[in-house]
Amino acid sequence: MFERFSAQARGVVVDAVAGSGPVTPTELLTALLTADRGIATEVLTEAGVTLDAIRRAGAGSKGGDSKGGDSKGGDSHNLDDDAEILKSIGIDLDAVRESLEQSFGEGVLDETPVPDGVDTSRKGRFGFPRSRFEKDSKKVLELSLREALAHKDNRIGAEHILLGILRVADGPTRQALETQVTMSVIRERLEAKMNRAA
């Protein structure tokens with residue numbers, strides 16, 4: 001049930017999926033900063049986490065945060081697995097597709113051939129030709145649901161996604177997060193703001 005996600009949380013997932021590579025925790029973190037995602041963006045900004053810091057942290061990396069080195073991309077990802085992980089947090093892709101087709105016409109999400117010379121840089125956002133969540137980003141989404149439940153929230157917000165990222169961050173994601181303060185300080189600040197907002 002995608003409605004359990006706040007508009008900000010949906011925006012994070014959609015922006016992360018719209019990227020050109022596999023969806024990593026770093027892409028989810030980037031999506032938290034590309035638009036105002038409420039207190040999650042506020043806490044990251046106050047902690048000195050910037051898009052530039054994320055780019056610098058990822059510059060020496062060969063593609064992600066997977067602790068087991070599974071981030072080679074391509075064939076190791078299975079779209080059915082992605083659908084299952086999204087289903088486990090309440091997102092039914094078949095229902096989303098059906099709703100979109102009712103609103104915008106049958107086959108709206110089907111990939112169509114693009115004529116030569118047409119700019120396809122935004123095609124991934126609309127055609128969803130790939131939705132490759134790496135193991136750690138799947139874990140982030142699972143943990144965001146757990147964080148929402150632990151905080152007795154009836155929705156998953158961008159702040160819960162950030163809490164999930166903080167629990168699995170490794171490699172370049174951790175380096176980007178700890179630009180000025182530690183991840184535990186970021187978590188403390190985020191939870192303090194969440195408690196004040198409740």
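**Buried contacts and salt bridges in the predicted model**

F5 counts as buried, at 1% relative accessibility, where buried denotes under 20% relative accessible area, exposed over 50% and partly exposed the range in between (1.4 Å probe, protein chains only). The structure is a predicted model, in which local features need pLDDT of at least 70 and side-chain atom pairs count only at pLDDT 80 or more, whereas totals for chains, interfaces and linings use all residues. Residues are numbered from 1 along each chain as its sequence is written, and side-chain values use heavy atoms, with hydrogens and water left out.

F5 lies in the segment before helix 1 (7–17); helices are DSSP runs of H or I with at least four residues, numbered from the N terminus. Apart from neighbours within four places in sequence, F5 is in contact (heavy atoms within 4.5 Å) with R10, V13, I89, I91 and I156. Although F5 and R155 are 150 residues apart in sequence, their C-alpha atoms are 5.6 Å apart in space.

Helix 2 (residues 25–33) is mostly covered, eight of its nine residues being buried. In helix 2, residues P25, L28, L29 and L32 meet A158, L162, I165 and V168 of helix 9, and the residues of this contact divide into eight nonpolar, no polar and no charged, with Ala, Val, Leu, Ile, Met, Phe, Trp, Tyr, Cys and Pro counted as nonpolar, Asp, Glu, Lys and Arg as charged, and the others, Gly among them, as polar. S137 is found in helix 8 (residues 135–150) and is buried, with a relative accessible area of 0%, while its side chain reaches the backbone oxygen of V23 at 2.6 Å.

The count of salt bridges, each a side-chain nitrogen of Lys or Arg within 4 Å of a carboxyl oxygen of Asp or Glu, comes to nine. One of them joins the side chains of D52 and R56 (2.4 Å, N to O); these residues are separated by about one helical turn because they are four residues apart in helix 4 (residues 51–59), and D52 is partly exposed at 41% relative accessibility. Another links E191 with R187, the closest N and O atoms being 3.2 Å apart, and this pair, four residues apart in helix 11 (residues 183–197), is likewise separated by about one helical turn. E191 is partly exposed at 22%, as is R187 at 23%, and E147, R167, R187 and E191 are linked in a network of salt bridges.

How values were computed. Helices (H or I, at least four residues) and strands (E, at least two) are DSSP runs, numbered from the N terminus. A polar contact is a pair of N or O atoms within 3.5 Å; within protein, one must be able to donate a hydrogen and the other to accept it, and residues adjacent in sequence count only if both atoms are side-chain atoms.
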